[in-house]
Amino acid sequence: MDYDDIRSSNVPQGTRSGYGRSRRHDETAEKADLAFVAQTARAAAADPGSSVDYADDVIYQIVTDRFLDGNSANNPDGELYSSGCSNLRKYCGGDWRGIVEKIEDGYLTGMGITAVWVSPPFENVTSVDSDAGTSYHGYWARDFKDPNPFFGDAAAFEGLIDAAHDNGIKVVIDFVPNHTSPSTADGELEDGVLYDDDAYVASYSDDPNGYFHHNGGTDYSSYEDQIYRNLYDLADFDQQEAYVDRYLKDAVKQWLDAGIDGIRVDAVAHMPPKWQKTLMDVIYDRRPVFTFGEWFLGADEYNRRYYDFSNDSGMSLLDFRFGQEIRQVLRDFTDDWYGFWDVLRETADEHDQVVDQVPFIDNHDMARFTVEGGETVNTDMALAVLLTSRGTPTVYYGTEQYLTGGADPENRKPMPAFDTSTTAYEVLSKLAPLRQSNPALAYGGTRQRWLNGDVFVYEREFGDNVALVAINRSREWYEITDLYTSLPPGSYADVLDGVLDGFGTTVNGDGSIDAFSFGPQTVCVWEHAGNTSEPALGRVGPTMGRTGHTVTISGEGFGDVAGTVTFGSTEAEVVSWTDARIEATVPPLAGGYYDVTVVDADGAQSDAFEGFEVLTAEQVSVRFVVDNAETAIGENVYLAGNVHELGEWDAARAVGPFFNQVVHEYLTWYYDVNVPAGTSIEFKFVKIDGDGTVTWESGSDRQYTTPSDSTGEYVGDWRT
């Protein structure tokens, strides 16, 4: 999300003009329709790997405008553009062609990068605000279905997809379904204007159909307030409005058809969570790709809803708990390895599938990891930890060049160089390939082997594969004794070849390593890639789907001859089978949660992946509203019903708690709920207090037939 390029004032509620500005800097420029060049079959055939499983990948996050200007002909002119990037709030010329150049000349592949995450690719507003600047970052969308002409046309985007796939790299786009652009009181921008494939739809002050929320700006006082009020002065979509719902889903389908391999969803904490689940259903039905959301957390911030969203929405999350903690330990030195180990344990416990999360050390919404005038070795150490930890590591462009910068826009400076001899580049180039050659780094759990405030020795293990990592962040020497490992007996070289002063080691027959002196600011990585002979299930993705959807099961030891995959006790159709990856289709099952297991051709069975969610049918979002529901202190309203999505009458699985402050106010309660489309459902509203006491409303079960293709609403009075 672009947090700091937008103002912190509430959106004005009055009307004003200004939405009819020029749509692009050159109206005569040739622009192909993305739908015209979409070639799903071609994209799928050229896919460099699984578009769902990123556990062994390394993502490189690029602010497209700041990476490399590959085609100066598509640069904006006039006040939008800053020659030499002297004004960091204006366009500087980076584009998709520049990314292609750095793929094709080996800069990205030499670093071991296997996925690039690019700025939102669609057309943004072209006005300039005297304070906030321009939309160079891509988060001020105007038309979600047209490419940003300053990044390139549709053919240029297709060229990026082709070049990436030809070099074994996946392409992830940023998608921004929360908002369009700022609506500012001074009128310098474009009033949150929205277009649909070149056709004007609405603006914030010209919104007769209610496509935007008009509830003022959020003060973050509650989850409800964050969802149904505007984030700063950004024109906030009402995803429950039928046109907006269809528009956003049609747009994401169009980009999927263009051949992308992944999606990062912006501002997931600011949209109805169950509507986002319907969005994920659309994505997985169209073309399943790895999808992760941005739920910003500050340092030391714990949020129960953050984990609930990760486990229920069908998408993963940027791992802010990891990212903020590693910055405290290796950048700011406000915490130590004990705190880091606590975060690793917390996230492993709270996430249903922690290997699906996306850790990082810096990004476009926080100060750069490398501090001006500071020691670059801290960045080197952080990258080593990042690439050997659980989850899919993401490296922010320029971190390997020790790019510095504080708050936005200083953290989005142009790429300073493409030097392949920096220590950080070497660390990445040595550890990124290890994630693909040793499944312990992709799928293994994390075990603490030796720990104090300055030294952390941790082990990743999966099947017969092991990686042991030792790091001393301090300037002191430490004597390491009583260190044990799961590495088989033998001698091991440092995978980093001494780049961070590491050294080899010897493991004794009992798994011990003899006492040794561990020097300052040193990192050692020792590994053993085994040959797991029985099925070891590392990851399942997506973690929800409908009957007939394809699911990828990753791990090791499945064998080269197909065995069986079961969901619960029902056997699935196997689409493809290798020793490390299986694709199977969800069998005909009622909605619910099912354990997924693999049995190889010799009859050996894996441990189960618990809780794969089978959806009842295609999902739509319905707003359920109940009037005159009086509650006692600590009591909330929920919804329970006869389908899986409503808990199958189990009050412990009832949907909620409902809201009662913004769209409707107490005694009226409301909640946007994902339910099966075109289905006659039965349900009741219930009250549940803090002790878990359930009060069902009286009367017969309510009945409602859900919409077949978009959103709906049900309104009723509480029955006493």
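View 1. Tyr302 is partly exposed, at 39% relative accessibility, whereas Tyr307 is buried, with a relative accessible area of 0%; buried here means under 20% relative accessible area, exposed means over 50%, and partly exposed lies in between, using a 1.4 Å probe and protein chains only. This is a predicted model, in which local features need pLDDT of at least 70 and side-chain atom pairs count only at pLDDT 80 or more, while totals for chains, interfaces and linings use all residues. Residues are numbered from 1 along each chain as its sequence is written, and side-chain values use heavy atoms, with hydrogens and water left out.

Rings of Phe, Tyr and Trp (its six-membered ring) pair if their centres lie within 6.5 Å, and the pair is called stacked if the planes are under 30 degrees apart, edge-to-face if over 60, and tilted for the rest. By this rule the count comes to 59 aromatic pairs. One of them joins Tyr302 and Tyr307 in a tilted arrangement, 5.7 Å centre to centre and with 45 degrees between the planes.

**View 2. Phe624 and Phe683.** These two rings form an edge-to-face pair, 5.2 Å centre to centre, with 75 degrees between the planes. The pair links distant parts of the chain, 59 residues apart, since Phe624 belongs to strand E33 (residues 619–627) and Phe683 to strand E36 (residues 680–688); strands are DSSP runs of at least two residues, numbered from the N terminus. Phe624 is buried at 0% relative accessibility, and Phe683 is buried at 0% as well.

**View 3. Arg66 over Tyr136.** The charged end of Arg66 sits over the ring of Tyr136, 3.9 Å from the ring centre, where a charge counts as over a ring if NZ of Lys or CZ of Arg is within 6 Å of the ring centre and within 35 degrees of the ring normal.

Methods:
Helices (H or I, at least four residues) and strands (E, at least two) are DSSP runs, numbered from the N terminus.
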